[in-house]
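Please study the sequence and the model before reading each solution.

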Amino acid sequence: MLDRLLAVEAIKALKYRYFRACDAKDPAVFRECFIDSGASIDYGALGAFDDADAIAEVFERIALHKVDGRHAILDMHHGIHPVIDVLSPTAATGSWTLAFRQVNLVEQTEKVLSGEYEDEYVVENGVWKMSQCHFTRTWEITRPLGDAVVEQ
């Protein structure tokens, strides 16, 4: 029972590290959240991939894009309502709801969306990692920005 609870907490910490890496624009930590090779990743409109290296490149291109020395895309990922099922000491599945907000300074838009992650996790080199990360958008609103966007 204790091992199962520790696994659930470690998996939650992994997913939270993933969300923080997305928002902090940290491609190295983002990539470290996935298994070394062969991850199944499907982010809908962003694409489907059979390895995390490819999505890490997409992430880096979008997240680190700058215009006039400022980040062009500002994201906020909130993963909520986790349901983690530990299948064995080295395998688990998980579902998360995403509350997402994005400010696009190039297009001068704000996007708000919600969706569902369906993940699979494995222990690799003694650490929980994502071996599958599939996201399905449930709804989205995109609207023009006002004049009061401030970036630190």
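A residue is called buried under 20% relative accessible area, exposed over 50%, and partly exposed in between (1.4 Å probe, protein chains only). The model is predicted: local features need pLDDT of at least 70, side-chain atom pairs count only at pLDDT 80 or more, and totals for chains, interfaces and linings use all residues. Residues are numbered from 1 along each chain as its sequence is written, and side-chain values use heavy atoms, with hydrogens and water left out.

**Exercise 1.** Determine whether E110 is buried or exposed, and identify the polar contacts of its side chain.

Solution. Strands (E, at least two residues) and helices (H or I, at least four) are DSSP runs, numbered from the N terminus. E110 belongs to strand β7. Its relative accessibility is 10%, so E110 counts as buried. A polar contact is a pair of N or O atoms within 3.5 Å; within protein, one must be able to donate a hydrogen and the other to accept it, and residues adjacent in sequence count only if both atoms are side-chain atoms. The E110 side chain makes such contacts with the side chains of R101 (2.5 Å) and R143 (2.8 Å).

**Exercise 2.** State the order of the strands in the open sheet, and find its edge strands.

Solution. Two strands pair if DSSP finds at least two bridges between them. The order is β2-β1-β8-β7-β6-β5, with mixed pairing. At the edges are β2 (48-49) and β5, each pairing on one side only. Strands β5 (residues 73-88) and β6 (residues 91-104) run antiparallel, joined by 13 bridges. By contrast, β1 (residues 40-42) and β8 (residues 127-144) pair in the parallel sense over 3 bridges.
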